[in-house]
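Trainee: I would like to learn how to read a structure like this one. Please take me through it feature by feature.

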Amino acid sequence: MTDLLDDDLEFRGGTLQLATESAAENADSRNNAADDTNRNKNQVNANPSVLSGADSLSSSTSSFADARTDGQSATPAPTDTVQTVYPRYDVPFNKENIKDFFTFRKGVLETAIQECITALLFPEDGEYLGSWLLTEITLWDNEKERIILLTSRLVMTIKYDFIAMKQLDFKKTYLDDLDTIVIGELVYPPSSLVPERNLRGVRLMWNKGEPLPLKTAWNPFSQDVPFITFASHPIYWHKDGGVDERSMYDMETFAQKLQRAVEAMPSSACCIHHSPIVIQSYVGVTSLLHNKTSMGFFKVRGKFSF
């Protein structure tokens with residue numbers, strides 16, 4: 001009887017040991033499978049697409065950080081989240097060339113803005129919120145120097161002759177008409193031959209998601225383009241002084257105040273997205289020449305000024 005009990009206990013002990021080892025192996029297998037699954041997910045999410053759709057209208061849970069701070073923020077990002085790839089800014093022009101811009105001279109911009117406010121803004125245009133000198137990027141990727149006035153009801157884009165010191169043309173864009181605002185890096189389609197800008201911008205849209213008609217898309221002189229794109233003026237990177245003085249040339253400051261103005265309007269149905277802004281330019285030889293020679297800006301060019 002004692003022999004039977006000993007044999008039975010030994011058999012059961014061996015069975016318990018085998019069962020324990022089998023369970024441990026199964027647990028290890030499940031853990032390895034879970035690790036492989038998480039690793040695959042991380043590999044899929046590690047390189048998110050640069051473009052958010054053809055029209056760059058997909059919203060993002062977080063915007064690009066301002067690259068002028070070298071991608072550093074006040075609060076460190078958690079280590080278990082995907083790190084955002086921040087755009088690198090290419091500083092336009094150099095310190096010597098920037099002095100050829102008429103708007104670089106002290107008092108020129110302030111005088112022009114005050115003249116435009118007095119002559120073009122009326123009480124029915126709403127409360128005045130701010131003014132800037134920004135770079136407008138046209139449908140054909142040409143850079144233009146523009147004065148921007150923002151009120152609680154509209155955005156006014158002004159073409160101003162900084163040599164003759166007179167207003168040439170202006171356009172009003174009412175905030176009620178806007179359906180989409182996109183803030184993000186300026187990018188080109190994947191098949192484009194145009195070099196990257198490495199620059200951020202803001203696009204105001206009122207086309208309700210409809211594509212551009214062919215007569216507008218292929219007409220460089222068309223005035224019916226249902227969106228407008230702005231970037232910081234080149235002087236921003238070279239202007240001496242504090243933050244307040246440089247903010248007059250800063251697209252980021254304009255975009256922040258524009259967003260607040262839109263959100264303060266009860267009747268506005270405008271959606272604000274933080275995603276790349278696609279510039280539909282594929283070869284861009286003409287625009288490259290235009291932008292390289294800064295033909296859209298008023299400046300001294302040798303013996304001439306235009």
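Trainee: Is Cys270 buried or exposed?

Mentor: Start with the terms: buried means under 20% relative accessible area, exposed over 50%, and partly exposed in between, using a 1.4 Å probe and protein chains only. Cys270 has a relative accessible area of 15%, so Cys270 is buried.

Trainee: What should I know about the model itself?

Mentor: This is a predicted model, in which local features need pLDDT of at least 70, side-chain atom pairs count only at pLDDT 80 or more, and totals for chains, interfaces and linings use all residues. Residues are numbered from 1 along each chain as its sequence is written, and side-chain values use heavy atoms, with hydrogens and water left out.

Trainee: How many disulfides are there?

Mentor: A disulfide is a pair of cysteine sulfur atoms within 2.5 Å. By that rule the count is zero. Take Cys270: its nearest cysteine sulfur belongs to Cys271 and is 6.6 Å away.

Trainee: Which residues touch the most other members of the largest nonpolar core?

Mentor: A nonpolar core is a set of buried Ala, Val, Leu, Ile, Met, Phe, Trp, Tyr and Cys residues joined through side-chain atoms within 4.5 Å. The largest one here has 40 residues, and Leu109, Ile147, Leu149 and Phe162 touch the most other members. Helices (H or I, at least four residues) and strands (E, at least two) are DSSP runs, numbered from the N terminus. Elements giving two or more residues to this core include helix H3 (108-120), strand S1 (128-137) and strand S2 (143-151). H3 gives the largest share, seven residues. Apart from this core lies another, of 21 residues, among them Val155, Leu204, Leu258 and Ala261.

Trainee: What is Leu149 in contact with?

Mentor: Contact means heavy atoms within 4.5 Å. Leave aside neighbours within four places in sequence; the partners of Leu149 then include Ile113, Cys116, Ile117, Val155 and Ile158. Cys116, one of those partners, is buried, at a relative accessible area of 1%.

Trainee: Where is Gln167 found?

Mentor: Gln167 sits in strand S4 (residues 166-174). Gln167 is partly exposed, at 28% relative accessible area. Gln167 and Cys116 are 51 residues apart in sequence, yet 7.3 Å apart in space, C-alpha to C-alpha. Not counting residues up to four places away in sequence, Gln167 touches Glu115, Leu120, Ile158, Lys159 and Tyr160.

Trainee: How many residues of strand S6 are buried?

Mentor: In a regular strand, side chains alternate between the two faces of the sheet. Strand S6 (residues 200-205) has six of its six residues buried. Arg200, Val202 and Leu204 are buried on one side, and Gly201, Arg203 and Met205 on the other.

Trainee: Which strands pair with S6?

Mentor: Two strands pair if DSSP finds at least two bridges between them. S5 and S6 pair antiparallel over six bridges, with Glu185 bridged to Arg200. S6 and S7 also run antiparallel, joined by five bridges. There, Val202 has Phe230 as its bridge partner.

Trainee: Which residues of helix H7 are buried?

Mentor: In H7 (residues 285-292), they are Ser287, His290 and Asn291. Seen down the axis, these fall within an arc of 90°, so they line one face of the helix. The arc is taken over the directions from the helix axis to the C-beta atoms. On the other side, Val285, Leu289 and Lys292 are exposed. S2 is among what covers the buried residues of H7. Ser294 follows H7 and has a positive phi, near 50°.
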